[in-house]
Amino acid sequence: MTAELDNPFWSALNTRHRHLAIGGDGWARYPAECAPFLGVADAQVDLSAALAPGEQVFLLGVLPPVPAGWQLTAFRPLAQMVCEQPVVVIDGPSTLPLATEADRSDVLALTAMVYPHYFRSRTMELGRYFGIRRDGQLAAMIGERLGTDHAQEMSAICTHPDHLGQGYARRLTAWLGNDARARGLLPFLHVSYENPRAKSLYHQLGYRVRVDIPFWSLARPG
């Protein structure tokens, strides 16, 4: 479990998302339309064939040597948080699966507005997504992204600006985390320290910081 979460992209691409993985010797990545994530087996992997000219990806936890001329940007480490105990789910509107083409359109519109950096046209193929609707509008959502045989990431936790302050994110995060634990999986998530409001919410829900995990972007010149 520790090794899996220390290298989450690689772990997911070699277990839950093996069927999606594009890879080479010691590296694997998602199709660009699914997620801009690259995982590596260890810090000695040759990345020269991993990116096409002009491509950018993100790495989490493990960084191998950067090919000459490629651009590496180091971000502040993310808080990787885990929740080991059941959480009380507050009362609220029904939690609905987001599985239809109309749902997908609404998810892409919401994530483009409030969660724009990592969500792609096929991201919903990585796991299940759920939401709360109010008067037909997708008010809040959550999904399953990275995952292994032992752990499940909570991701794309976001609320439409018109529906903030209603507790929807709290309700969805508690509900889906409990669902993961019921299936024998450890819920985990990643949150930026630049988003203290979200980090505080997860702490209130019983998540603890397991580790500050290094985070980079890597671009190959065009």
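Does Asp-135 count as buried or exposed, and at what relative accessibility? Asp-135 counts as exposed, because its relative accessibility is 87%, above the 50% cut-off for that class. The structure discussed here is a predicted model.

- Asp-135 is located in the loop that links strand 7 to strand 8.
- Strand 7, residues 129-134, pairs with strand 8 in the antiparallel sense, and six bridges connect the two.
- Within this pairing, Gly-131 lies opposite Met-141 of strand 8.
- Two residues separate the strands of this hairpin, and Asp-135 adopts a positive phi near 55° there. Asp-135 has this positive phi although it is not a glycine.
- Strand 8 and strand 9 (residues 151-159) run antiparallel and are joined by five bridges. Gly-147 is positioned opposite Gln-152 of strand 9.
- Strand 8 spans residues 137-147, and ten of its eleven residues are buried, so the strand is largely enclosed by the rest of the structure.

**Ala-156 in strand 9**

- Ala-156 belongs to strand 9.
- Ala-156 is another residue other than glycine with a positive phi, in this case near 50°.
- Ala-156 is buried because its relative accessible area is 1%, under the 20% limit.

**Pairing of strand 5**

- Strand 5 pairs with strand 11 (residues 208-219) in the antiparallel sense over ten bridges. In this pairing, Leu-78 has Ile-213 of strand 11 as its bridge partner.
- Strand 5 also runs antiparallel to strand 10, to which four bridges join it. Here Val-82 faces Phe-188 of strand 10.

**Nonpolar cores**

- In soluble globular proteins, nonpolar side chains tend to be buried together.
- The largest nonpolar core contains 25 residues, and the members that touch the most others are Met-154, Leu-189, Tyr-202 and Tyr-207.
- At least two residues of this core come from each of strand 5 (71-82), strand 7, strand 8, strand 9, helix 4 (168-182), strand 10 (186-191) and helix 5 (196-204).
- Helix 4 makes the greatest contribution to this core, namely six residues.
- When neighbours within four places in sequence are left aside, Tyr-202 contacts Met-81, Ile-157, Thr-173, Leu-189, Val-191 and Tyr-207.

**The largest pocket**

- The largest pocket holds about 1100 Å³ of space.
- Its lining comprises 41 residues, and those nearest the pocket centre are Tyr-115, Ile-157, Asn-195, Ala-198 and Tyr-202.
- Two or more lining residues are given by each of strand 4 (56-60), strand 5, strand 8, strand 9, helix 4, strand 10 and helix 5.
- Strand 9 provides the largest share of the lining, with seven residues.
- Sorted by class, the lining of the largest pocket consists of 25 nonpolar, ten polar and six charged residues.
- Tyr-202 takes part in two of these topics: Tyr-202 is among the members of the largest core that touch the most others, and Tyr-202 is one of the residues nearest the centre of the largest pocket.

- Pro-65 is placed in the loop between strand 4 and strand 5.
- Pro-65 counts as partly exposed because its relative accessibility is 49%, which falls between the 20% and 50% limits.
- Apart from residues up to four places away in sequence, Pro-65 touches Ala-43, Gln-44, Val-45 and Leu-47.
- The C-alpha atoms of Pro-65 and Asp-25 are 14 Å apart in space, while the two residues are 40 residues apart in sequence.
- Gly-24 lies in strand 1, which covers residues 22-24.
- Gly-24 likewise counts as partly exposed, at 38% relative accessibility.
- Gly-24 and Asp-46 are 22 residues apart in sequence, and their C-alpha atoms are 9.3 Å apart in space.

Notes. Residues numbered from 1 in each chain as written. Predicted model: local features only at pLDDT ≥ 70, side-chain atom pairs only at ≥ 80, totals over all residues. Heavy atoms only, no water. Buried < 20%, exposed > 50% of the residue type's maximum accessible area, 1.4 Å probe, protein only. Pairing = 2+ DSSP bridges. Core = buried A, V, L, I, M, F, W, Y, C linked by side-chain atoms within 4.5 Å. Contact = heavy atoms within 4.5 Å. 1 Å grid on protein atoms, 1.4 Å probe; cavity = no way out; pocket = protein on both sides within 12 Å on 5 of 7 lines; lining within 4 Å. Points joined across faces, edges and corners; volume = space filled by probe spheres on them. Nonpolar A, V, L, I, M, F, W, Y, C, P; charged D, E, K, R; others polar.
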